[in-house]
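Follow the ligand first, then the space around it.

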Amino acid sequence: MDGNLEGRVVIITGAGSRGGQGEAEARLFAERGARVAIADLGGSDGAAIAAELGERGMFVEIDVTDEASWDACVRTVADRWGHPDVLVNNAGVWLMKPLEETSLAEYRHVVEVNQVGTFLGMAAVVPGMRERGSGAIVNICSVAGMKGGGQPFAYAASKWAVRGMTRVAAHDLAPYGIRVNSVSPGVVDTPMIEGGPEVLDALARSIPSGRVAAPGEIAEIVVFLASDASSYVSGIEVTADAALTA
Ligand SMILES: NC(=O)c1ccc[n+]([C@@H]2O[C@H](COP(=O)([O-])OP(=O)(O)OC[C@H]3O[C@@H](n4cnc5c(N)ncnc54)[C@H](O)[C@@H]3O)[C@@H](O)[C@H]2O)c1
């Protein structure tokens with residue numbers, strides 16, 4: 001029972017963003033011995049990042065909102081390395097708008113990527129995990145899905161939903177040896193944070209520890225939840241926000 005991931009087959013969605021959390025997770029999983037499928041949109045940096053991981057990396061183009069795209073992704077990975085042991089549902093989109101400024105199309109897009117994408121990902125990998133009697137799924141939520149005040153409407157709603165799906169799935173899949181957990185980061189310095197250093201500085205001042213997180217700090221938690229070091233942990237929500245919501 002340890003944090004070694006030698007030989008594990010891992011899919012991480014949204015890992016094709018340079019400087020994003022998915023990239024940091026992909027590098028850490030590969031360092032610990034896993035083979036990592038970087039699943040992201042065609043226009044992302046996923047292929048280049050996968051190439052940098054050498055034999056431990058592969059890029060799979062995916063649109064997480066599309067069921068057929070998920071089927072193709074899991075098939076591609078399984079044909080090359082075997083059925084995935086780990087899925088990290090990390091892909092996400094941000095929309096900084098309150099209810100009254102959110103159009104139906106915008107709402108649907110955020111929910112399609114953040115919520116439906118996570119559902120489809122779990123649905124795509126669970127049959128194979130169930131067959132083998134093991135698997136670990138980590139869903140990336142957000143502190144925006146932990147409260148109402150000051151949160152962007154569609155984004156927060158989608159992350160609340162992912163927290164709920166995580167717990168229901170953890171309960172239902174436990175008899176089959178599949179663990180499902182979530183991580184809710186506070187503010188992480190990634191391309192998702194628009195506005196440059198001034199915005200990051202302002203955000204840092206609102207956090208009790210006085211700083212935003214580096215993507216690698218979230219990756220450590222994801223790798224822990226995917227490894228046997230957390231073998232008796234399922235259905236939990238790890239908040240990684242340096243006491244922002246404390
Ligand atoms: N950055 C933060 O402060 C923060 C805080 C809390 C939670 N999060 C969450 O962390 C996760 C990672 O975000 P990040 O900060 O690294 O952002 P990022 O923008 O760097 O990465 C998001 C990735 O998702 C991919 N993506 C978007 N739509 C997709 C689709 N339809 N199919 C496949 N991939 C798609 C993008 O191409 C991108 O590579 C997201 O779920 C985000 O909501 C971020």
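**The ligand and its surroundings**

An oxygen atom of the ligand lies 2.6 Å from an N or O atom in the side chain of S17. This is a polar contact, defined as a pair of N or O atoms within 3.5 Å; within protein, one must be able to donate a hydrogen and the other to accept it, and residues adjacent in sequence count only if both atoms are side-chain atoms. The model is predicted: local features need pLDDT of at least 70, side-chain atom pairs count only at pLDDT 80 or more, and totals for chains, interfaces and linings use all residues. Numbering starts from 1 along each chain as its sequence is written, and side-chain values use heavy atoms, with hydrogens and water left out.

D63 places a polar side-chain atom 3.0 Å from a nitrogen atom of the ligand. V188 uses its backbone: a polar atom there is 2.8 Å from a ligand oxygen atom. How much of the ligand does the protein bury? Taken alone, the ligand exposes 840 Å², and 91% of that is buried by the protein. These accessible areas come from the Shrake-Rupley method with a 1.4 Å probe; for residues, only the protein chains shown count as cover.

The ligand has 28 residues around it, and S17, D40, Y155, V188 and T190 come nearest. A residue counts here if one of its heavy atoms lies within 4 Å of the molecule. By class, this shell holds 15 nonpolar, 10 polar and three charged residues. Ala, Val, Leu, Ile, Met, Phe, Trp, Tyr, Cys and Pro count as nonpolar, Asp, Glu, Lys and Arg as charged, and the others, Gly among them, as polar.

Now the space itself. The ligand sits in the largest pocket, meaning that more than half of its atoms lie within 2 Å of the pocket's grid points. On a 1 Å grid over the protein atoms alone, a pocket is an open set with protein on both sides within 12 Å along at least five of seven lines; a cavity is a set of points where a 1.4 Å probe fits but cannot get out; lining residues have an atom within 4 Å of a point. The largest pocket contains about 1100 Å³ of space. Its lining counts 45 residues, with W94, Y155, T190, M192 and I193 nearest the centre. Of these lining residues, 24 are nonpolar, 16 polar and five charged.

The second largest pocket contains about 160 Å³. R8, D85 and R179 are among its lining residues. That lining has three nonpolar, four polar and four charged residues.

Finally, the largest cavity is lined by T13, V64, N89, N90, A91, V113, G117 and T118.

Key:
Grid points are joined across faces, edges and corners, and a volume is the space filled by probe spheres set on the points.
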